[in-house]
Every structure is written in structure tokens, then in C-alpha cells.
Amino acid sequence: MKLSENMNQVPVGPFHPLLEEAEYFNLTVEGETVVDIDLDIGWMHRGHEFISEQKTFTQSIFLVERICGICSTSHPLACVHAIEDVDNIEIPERAAYIRTLVGELERIHSHLLWLGLAGHFIGYDTLWMWAWKYREPVLQMFEIISGNRNHYGVMRVGGVSRDIDLDRVKELHKILDTVDAKIKMIAAAAPDDPVLKSRLVGVGVLTNQDAIDMCAVGPTSRASGVPWDVRKDEPTDAYGLVDFDVIVLQNGDVWDKLVVRLLETLESTKICRQCLDKLKTVKGPILNNVKEISAGEGIGRYEAPRGEVFHYVRTDGSNRAIRHKIRAPSYVNIPTYSASCKGIPIADALITLAAVDPCYCCTERALRVKGEDPDAIDFVKLSREKTERIRREIHGH
Amino acid sequence: MDRTDRTDDFLKKFEGKLTNVIRKPKRLYFVVDDKDIREVAQYIFRDMACRLSTATATEVYDAIEVLYQFSHDPSGCYFCPRVRIKDKKNPTMNSITPVVKGANWIEREMFDFWGVTFKDHPRPEPLLSRNHPNKLDKPLRFGRVS
């Protein structure tokens with residue numbers, strides 16, 4: 001964009017104390033109004049797609065689990081869906097409930113995490129402390145289910161890797177009741193809060209048409225009146241067996257994105273309760289024995305907290321994918337900034353940028369530095385050389 | 001909400017323009033000629049109101065394949081047009097970004113990693129490797145071309 005006399009550019013990032021990840025926005029402002037935004041990504045070098053194509057299917061599930069610390073169930077779940085789609089593999093009913101339970105718990109903890117961050121970004125730290133305090137029991141539930149607070153290692157092609165026994169189901173029920181009560185308390189208090197309302201209503205609007213044109217997904221598009229949710233559109237696992245509503249609002253502002261997430265959290269607790277009830281009665285295996293995957297193509301997706309996670313695998317009949325494509329929801333939601341940030345005061349830009357719950361480690365899953373190129377920089381080597389240089393400077397030899 | 005599967009209507013509409021059709025439950029993969037891709041993409045996106053999930057470039061033994069994955073959300077079906085680019089050294093094809101705005105980043109990524117040049121793309125420049133620490137003289141995933 002050509003700058004006029006009254007315009008200035010405000011760079012934010014790529015490294016800044018406020019930013020959790022490396023990200024760069026170049027805001028063009030006229031006075032205090034944002035008139036243009038340029039996004040620059042590619043600051044993290046990860047190479048997940050390429051590495052996954054060197055791994056077996058089971059190893060890939062562990063690998064993609066590490067794409068994102070928050071969506072650590074969404075990626076493996078979409079990945080196993082894609083592999084299962086090649087041969088239309090079905091999973092046992094009990095496994096379906098376990099998958100859905102873990103997926104929905106992830107949604108609760110992710111939405112609470114975002115809610116806390118949103119409060120923190122607008123200087124409302126009470127909300128931040130509340131949300132993160134009540135997120136803690138959800139992580140304890142994960143610990144009960146998998147032994148880990150994050151990276152649960154539950155998903156497998158054909159089912160799940162671990163069962164949940166009856167005692168633990170009862171324990172989980174108890175914790176869920178506590179979490180549910182607290183979320184209801186926040187959900188009742190937050191929408192009436194004058195501070196939140198005055199700060200978020202009408203801010204950073206993404207219109208319905210822009211959401212459709214830019215192919216936005218998840219709460220970002222549902223807050224703009226786009227009703228799509230993978231859990232309803234293509235109900236895999238136990239989503240066709242449980243009762244829940246898809247939350248859709250119309251205004252497209254940051255406020256609606258907040259309310260969508262809050263109400264979705266309540267729907268998730270509803271789904272979790274149904275899954276736990278079913279785990280008391282539905283018995284049987286948790287994993288179908290899948291011996292091989294034939295040559296073909298498979299599409300797998302899952303409604304992650306931020307929107308649709310998409311995995312595509314192409315197989316040749318061996319035990320690994322010859323092509324594994326991964327698309328995280330932030331990849332399609334981040335470009336919506338060019339619509340939602342224009343025309344707003346610069347003071348509102350930060351919360352508008354945060355409103356899509358962007359995840360840059362997901363978005364930049366593909367780039368790799370070292371590989372076939374023999375001249376590529378080896379960061380480990382550089383780091384060792386630097387340490388050695390400093391050591392020599394200090395010790396003089 | 002109309003959740004009808006529109007696969008049959010689509011196949012009828014583009015009869016003669018689609019080859020190598022693979023039909024699976026809720027999945028339709030087909031090869032389409034480069035000159036027709038924009039028309040097909042426009043029909044899928046505008047007339048059928050599908051959403052572009054993403055696109056995938058793959059290197060096969062005789063071509064670079066670009067596969068667009070469109071989701072027809074009401075029915076949960078996927079429509080996947082595939083363009084095969086025979087010239088592996090200078091892969092070029094028509095961009096669909098002029099008709100599907102959401103294809104902007106993914107086409108830039110395929111240009112970035114696979115060297116596919118998209119004609120009429122509004123911003124034909126790398127997406128992820130703009131700030132790469134190395135000076136890149138070839139696309140990052142182009143090394144396997146024999």
C-alpha cells in the first residue's frame with residue numbers, strides 16, 4: 001500500500017514481549033485508525049509434513065500430536081480419520097466415546113485458555129485468573145485419563161490406545177460437575193459485565209460475506225453467522241450419538257466470538273457428560289486390529305477448538321504416507337485480519353488479532369531448514385559453535 | 001438446511017471435462033484440465049457454496065499434482081479437483097485465487113515449496129520462506145525431482 005502524508009506504519013513483532021509466538025504484523029495507520037495490515041509468517045521452522053512422510057502411520061500420530069500444545073488431540077484425531085478414510089475403517093463404539101470425550105475436554109480447556117488471554121489482553125485480569133483457575137481441573141481430568149496433562153497419546157488407527165475404567169469414570173464425573181458449575185458461573189457473569197461489553201461489542205467485525213469468501217472456520221466463522229461445524233456436518237466418532245447444539249451468532253465482532261466460545265464450552269460439558277454416562281454401560285473392545293492400509297487417498301478432519309483441522313494422506317500400500325498434508329484452522333482464520341482490522345482504532349487491533357485464537361506453530365507446520373539441502377544452516381551446530389566461542393572468550397583458551 | 005449430496009448433479013454438469021473420477025463415500029476425486037480449473041472451482045465455490053479446505057501439491061513420477069479440497073459442508077462431502085502439471089521443471093497452472101479468495105495463502109505456499117507458478121495470482125511470492133535464514137535457490141520440497 002502506498003503511504004500518504006498522514007499515514008504511518010506500526011510494526012508489531014516478530015519478537016515482542018507481548019506475543020506468545022513469533023508473528024509479525026505491519027499495521028498501516030492514519031491517525032489512530034488502521035487502514036491496512038500486512039501479515040508476515042514463516043518465523044518458525046518445523047517441517048512436520050516432510051518428517052511425517054518419513055515415519056510410519058503410528059509414528060506420524062505421535063508426531064502430529066506435537067504440532068500444537070493446545071490442539072494436541074485435534075491433529076492426531078484428524079490424522080487417524082484421514083488414514084481410516086483410505087479404507088473406510090470403522091472403530092468400536094466404546095473407542096468412539098473415548099475419542100469424543102478427550103476431544104471435547106480439549107475444547108473446554110482451549111476455550112478457557114483463550115478466554116483468560118482475551119481478558120488479559122484488554123487489561124481485565126480477573127477474567128484471566130478465573131478462566132485459568134477453572135481450566136486447571138480439566139487438565140487434571142486429562143491426567144486421570146492418560147497420565148499426561150498434555151499430549152495424551154490416546155488416538156490410534158482403528159480406535160484408541162487406552163481404556164477408562166469405571167472408577168475413573170466416576171472420578172471424572174465428579175470433576176466435570178465442578179468444572180461445569182464454574183463455567184456456568186462465568187457464562188452467567190461475563191455477558192453482563194459492563195467492562196467486557198464496552199470493550200468488545202462492535203469491535204473487529206468480520207462480516208458474513210468475508211467469512212465465506214475467506215473460507216474461515218470454527219468460532220471465527222460461526223460468530224459471523226456461518227453455521228458449519230464438522231461435528232454436525234460429518235459426524236464421526238460419537239458425534240452422531242450425542243445431543244448438542246451448534247452455537248451460531250450473527251454480528252461477527254469480538255464480543256460474539258467470546259460468547260460463541262463460552263456457550264460452546266457449555267455444550268462441550270454436555271457432550272462429556274453423555275460420553276461418561278455411556279462409558280458406564282457400553283462395553284467391548286477399544287481398538288480394531290488394523291493390519292495394513294491399502295494404496296489410496298484419505299481425508300480426515302476434526303472440529304478443533306479453533307475450527308476445522310484438516311489432514312490428507314496419500315498412501316502407496318506401504319506403512320507410511322507418501323504425502324501428508326496438514327492444514328490447521330489458524331491458517332485460514334489469520335488472513336481474515338485483512339477484513340476485520342481495517343477501519344478500527346489501533347487500540348482495538350490487539351484484541352481483534354487475538355479474537356481468532358491464532359496458533360502460529362500450527363500455521364507454520366511445514367517449513368523446514370535442514371533436509372536435503374547440504375548447504376542448509378544447522379542451528380544446533382551454530383548454537384554449539386556459539387557456546388564454544390563464548391567459553392573461549394571467558395576462559396581465554 | 002438442505003443436506004442433499006450433490007455429487008450426481010456435479011458429475012452431470014461437467015460431463016466430458018472430468019477424467020480419472022474416483023468416487024468414495026462422501027469423497028469425489030477427479031482430474032480436470034488446467035484450462036478448466038477456474039470454471040470448475042468457481043462452480044464448486046459459488047454455485048454449490050462449498051468451502052475451500054486447502055490444496056495439496058504432490059510430486060508423482062510423471063507430474064506435479066495440485067489437488068484442491070472443497071468441502072460441501074451441508075452434506076459433509078468433499079469435491080477434489082486435481083490438476084496434473086507435466087512440466088516438472090517449470091510447473092505452471094492457472095490460479096483459482098481470482099475466484100476463491102481463500103486460496104491465496106495455500107497457492108503461495110505451493111509456489112514456495114513446490115515451485116508451482118500460479119498464473120494471475122494477486123501476490124505471487126513465497127509465504128513461509130520469505131524470512132528463511134538461507135538464501136534459497138530452489139523450492140524447499142523440489143529436491144526429489146529426478
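Here is a short chat about a predicted model with chains A and B.

Trainee: How are the residues and chains labelled, and what does a predicted model need for local features?
Mentor: Residues are numbered from 1 along each chain as its sequence is written, while chains are lettered from A and ligands numbered from 1 in the order in which they are written. This is a predicted model, where totals for chains, interfaces and linings use all residues, side-chain atom pairs count only at pLDDT 80 or more, and local features need pLDDT of at least 70.

Trainee: Which element gives the largest share of the side of chain A that touches chain B?
Mentor: Start with the contacts (C-beta atoms, placed from the backbone, within 7 Å): 33 residues of chain A are in contact with 31 residues of chain B. On chain A, β6 (296-304), β7 (307-315), β8 (321-327) and α12 (329-333) each supply at least two residues of that side. With 4 residues, the largest share comes from β7(A).

Trainee: How many residues of the side of chain A that touches chain B are charged?
Mentor: Asp, Glu, Lys and Arg count as charged, Ala, Val, Leu, Ile, Met, Phe, Trp, Tyr, Cys and Pro as nonpolar, and the others, Gly among them, as polar. That side has 17 nonpolar and 2 polar residues, and the charged ones number 14.

Trainee: Which residues of α6(A) are buried?
Mentor: Buried here means 20 or more other C-beta atoms within 10 Å of a residue's own, with C-beta atoms placed from the backbone. The cover over the buried residues of α6(A) includes α4 (93-121), α5 (125-146) and α11 (254-281) of chain A. The buried ones are A:Leu172, A:Leu176, A:Val179 and A:Ile183.

Trainee: Why is α4(A) called roughly antiparallel to α14(A)?
Mentor: Axes are lines fitted to C-alpha atoms, for helices over the stretch in contact, and angles run from 0 to 180 degrees between N-to-C directions. α4(A) and α14 (residues 346-354) of chain A pack with their axes 10 Å apart, at an angle of about 175°. Angles over 145 degrees count as roughly antiparallel, so α4(A) is to α14(A) roughly antiparallel.

Trainee: Which residues of α14(A) make that contact?
Mentor: By class, the contact of α4(A) with α14(A) has 6 nonpolar, no polar and no charged residues. α4(A) brings A:Leu117, A:Ala118 and A:Phe121, and from α14(A) come A:Leu350, A:Ile351 and A:Ala354.

Conventions
Contact = placed C-beta atoms within 7 Å. Buried ≥ 20, exposed ≤ 12 C-beta atoms within 10 Å, placed from the backbone. Parallel < 35°, antiparallel > 145°, perpendicular 65-115°, else oblique.
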